[in-house]
Amino acid sequence: MLAASSVEMRKVNKFYGKFQALKDVDLSILPGKVTCLIGPSGSGKSTLLRCINFLEEYDSGEVRIDGQLIGYEAPNKKMSGRKLREMRRSIGMVFQQFNLWPHMTAKENVAEGLIRVRRMSKADAERRAVEALAKVGLADKMANHPSRLSGGQQQRVAIARAIAMEPRLMLFDEPTSALDPELVGEVLSVMRTLAGEGMTMVVVTHEMGFAAHVADQVGFMEKGELVGVDSPDRILHHPQDARIQSFLRTYHERNSF
Amino acid sequence: MDWSMLQQYGPSLLKGFANTIVCWALGTVFGMALGLVIALIQRYAPRWVTWIIQVYIEVIRGTPFLVQLFVLYYGGPLIGLRLDALPAGLLGLTIYGSPYFAEIFRSGFRAVPDGQIEAARAIGMAEGHIVRRILLPLGLVSALPALVNFSIILTKETVILSIITVPELLYQVQRMSAETFRYVEANLVLALFFWGLVETISRVGHRLEARITKHLIERT
Amino acid sequence: MFSLAVFLQSFEPLLWAARYTLLISILGIGLGLVIGTLVCAARLSPYPLLRRFAAIWVSFLRGVPLLVQLLVFYYALPVIGLDVPAMVAAVVTVGICASAYISEIWRGAIAALPRGQAEAAVAIGMTPFDVWIRVILPQAVTLSLPALINELILLVKASSLVSVVGILEITRASQAQAATTFRPLEVYIAAACIYLVINLCLAALGRYLEHRTAV
């Protein structure tokens with residue numbers, strides 16, 4: 001297993017016009033550990049996650065991956081496209097909407113990054129792609145187009161696409177929110193395996209079970225603020241902050257029967 | 001209808017038809033190419049460049065095709081652009097179609113979900129690769145119906161080339177009717193011919209487009 | 001190279017000729033609206049023969065280039081014995097051609113209306129005629145306004161073709177002007193400018209109307 005990355009976020013702020021989406025967020029992502037971000041919709045969890053690979057451009061503060069600032073060379077001086085791409089190669093991202101390319105098969109989806117970005121030969125790339133697909137349990141579906149895969153299968157292919165690039169950090173943006181309930185399990189199972197192998201993972205999720213059992217630390221966000229970050233036990237079972245208590249209470253009401 | 005007239009003028013009518021097809025085909029291909037370039041420039045170029053392009057689009061779309069041809073063919077020599085009728089017609093058709101094709105491609109690009117572009121950026125793919133491997137194939141599929149529609153419209157525009165003496169079909173028919181004084185029949189037959197042609201191209205075009213779309217989406 | 005003097009001087013005769021361009025375009029779309037409405041009604045009517053006829057009308061007029069239509073009409077009229085001034089022939093041809101496109105614009109707008117509108121009207125007991133006049137048509141008109149303005153812009157550009165039947169609109173006038181000044185470049189660019197201004201105004205009008213009728 002490759003060395004896992006660490007992420008340091010200091011006083012990160014993001015504005016959409018007058019609206020402040022992130023307010024002075026401080027967060028440390030430890031190498032090899034799983035960090036889950038929970039909170040109500042619109043709290044800025046996804047925005048914060050996307051700042052890590054600079055898909056969202058944060059306006060002030062610092063985001064450092066393994067000590068290196070991402071997105072900016074210096075305050076107010078944006079990083080060159082080339083350097084940004086270089087950094088992104090070691091970061092894998094899994095999206096809520098899977099975002100598989102519909103005109104390519106599962107194998108081609110996974111191999112594409114290897115061919116274009118890592119400049120592997122087609123044969124090598126395809127071999128690596130098949131390995132990655134086997135890892136998520138979909139080697140037999142490698143010739144299928146996304147339209148012929150279930151949501152859970154598509155998301156697993158998306159995970160394979162990300163891990164084939166041998167990232168040192170994996171970002172998951174609500175990976176199971178768009179899935180039918182019975183398909184959620186297969187995706188969480190793959191994520192659990194990855195966590196067990198020592199991958200640094202940041203997961204924005206509503207799956208409290210996953211956060212409780214797999215995460216090493218859980219962060220709660222509301223209205224752009226990181227209200228609290230602590231062990232799963234303390235955040236989920238013994239929350240001190242009234243906002244976290246209120247959120248969990250609503251969650252339990254809606255989800256228990 | 002005097003059929004002997006057809007026999008006599010058959011060859012020149014055929015030549016006219018061939019020229020119509022050539023002008024239409026090349027005009028469509030070059031117009032699409034130019035339109036694609038314009039659409040890509042609009043997507044990636046700085047503000048002032050897109051502003052110039054916007055002016056170009058407004059001018060071409062706001063003026064009659066005939067006047068554009070006149071500027072090119074009759075006005076051209078005054079600034080050193082001396083073209084024969086056919087090349088001038090081809091250039092005119094290309095320029096005339098380019099803004100429409102550009103707009104069609106832009107719509108096609110917009111139809112590609114942002115998420116798929118983001119996924120490519122997230123693995124560090126260079127923009128050039130993203131355009132070639134994701135934006136273009138998927139954008140093209142979206143744009144295909146409109147591309148086919150507009151190229152059908154272009155077939156009708158080719159007759160305007162006759163006014164700047166391009167020897168396409170209408171030109172030949174006019175010459176024939178001037179010599180035989182059968183103006184009405186000649187143009188009526190031409191009208192029916194075009195009607196049939198456009199209907200046929202329409203049907204074939206849409207069938208082809210359905211097949212290509214299927215092929216592009218599921219390349220097995 | 002480019003003579004500004006000739007360019008500017010061309011405007012006077014060309015603007016004079018622009019009256020005819022505008023006249024033909026406006027009368028053309030007026031005629032097109034009237035006939036187009038009838039054709040659309042025929043296309044949507046319950047009589048198969050009428051529907052067939054209307055479909056062929058639309059297909060023919062959209063399949064044949066306008067220039068060819070103009071030439072057929074122009075040559076055919078004396079043969080039938082109708083001694084009609086060129087202007088009338090031109091407006092009629094343009095109007096008939098436009099009717100096919102306008103019919104399709106109406107059809108599209110009516111198809112885009114939510115079904116519930118008509119159903120609600122029928123449910124309160126309105127007669128079919130009333131449903132048409134009070135519910136469907138007004139909304140169809142609003143929906144099709146952008147497309148109609150667009151059609152008018154197309155007609156303004158298409159009016160340049162009536163130059164071949166001798167009407168002294170902008171294009172014909174510019175041809176005459178180019179012949180006398182021997183500076184076709186400046187003259188035709190001037191003509192283009194006038195068309196451009198007309199069409200930009202129409203486009204602005206279209207946007208304004210879209211704004212005002214936005215639901």
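UniProt lists residues 7-248 of chain A, in an unreviewed entry, as "domain: ABC transporter". UniProt positions are given here in the numbering of this model, with shortened feature names, and annotations may be inferred rather than shown by experiment. The model is predicted: local features need pLDDT of at least 70, side-chain atom pairs count only at pLDDT 80 or more, and totals for chains, interfaces and linings use all residues. Residues are numbered from 1 along each chain as its sequence is written, chains are lettered from A and ligands numbered from 1 in the order in which they are written, and side-chain values use heavy atoms, with hydrogens and water left out.

The end C-alpha atoms of residues 7-248 of chain A lie 27 Å apart. This span is 37% helix and 27% strand. Helices (H or I, at least four residues) and strands (E, at least two) are DSSP runs, numbered from the N terminus.

Chain A holds an open sheet of six strands in the order 8-9-10-3-11-12, with mixed pairing. Two strands pair if DSSP finds at least two bridges between them. Strand 8 (91-94) and strand 12 (225-230) of chain A each have a single partner strand, so one side of each lacks a neighbour in the sheet. Neighbouring strands are turned by 15° against each other on average, direction ignored. Axes are lines fitted to C-alpha atoms, for helices over the stretch in contact, and angles run from 0 to 180 degrees between N-to-C directions. Strand 3 (residues 34-38) and strand 11 (residues 217-222) of chain A pair in the parallel sense over four bridges. I38(A) has F220(A) of strand 11 as its bridge partner. Helix 6 (residues 181-196) of chain A packs on this sheet. It touches strand 3, strand 9 (169-173) and strand 10 (200-204) of chain A. Contact means heavy atoms within 4.5 Å. The direction of helix 6 makes about 145° with that of strand 10 of chain A.

Chain A also meets chain B: 24 residues of chain A are in contact with 23 residues of chain B. The area buried between the two chains is about 2200 Å², of which carbon and sulfur atoms give 58%. Buried area is the accessible area (1.4 Å probe) that two parts lose on being put together, summed over both. In chain A, W101(A), H103(A) and R116(A) lose the most area to chain B, together 30% of what that side buries.

In chain B, seven of the nine residues of helix 5 (residues 114-122) are buried. Buried means under 20% relative accessible area, exposed over 50%, and partly exposed in between (1.4 Å probe, protein chains only). Among the buried residues are Q116(B), I117(B) and E118(B). Just after helix 5, G124(B) takes a positive phi of about 85°. For chain B, UniProt (unreviewed entry) places the feature "transmembrane region" at several spans, including residues 134-154 and 180-198. Residues 134-154 of chain B are 100% helix, with end C-alpha atoms 29 Å apart. Residues 180-198 of chain B are 89% helix, with end C-alpha atoms 27 Å apart.

In chain C, S159(C) is found in the loop between helix 6 (128-158) and helix 7 (170-181). S159(C) counts as buried, at 1% relative accessibility. Beyond its neighbours within four places in sequence, S159(C) is in contact with T21(C), I24(C), S25(C), E169(C) and Y195(C).

A disulfide is a pair of cysteine sulfur atoms within 2.5 Å. The count comes to zero disulfides over all chains. The sulfur of C40(C) is 17 Å from the closest cysteine sulfur, in C97(C), too far for a bond. C40(C) is buried, with a relative accessible area of 2%.
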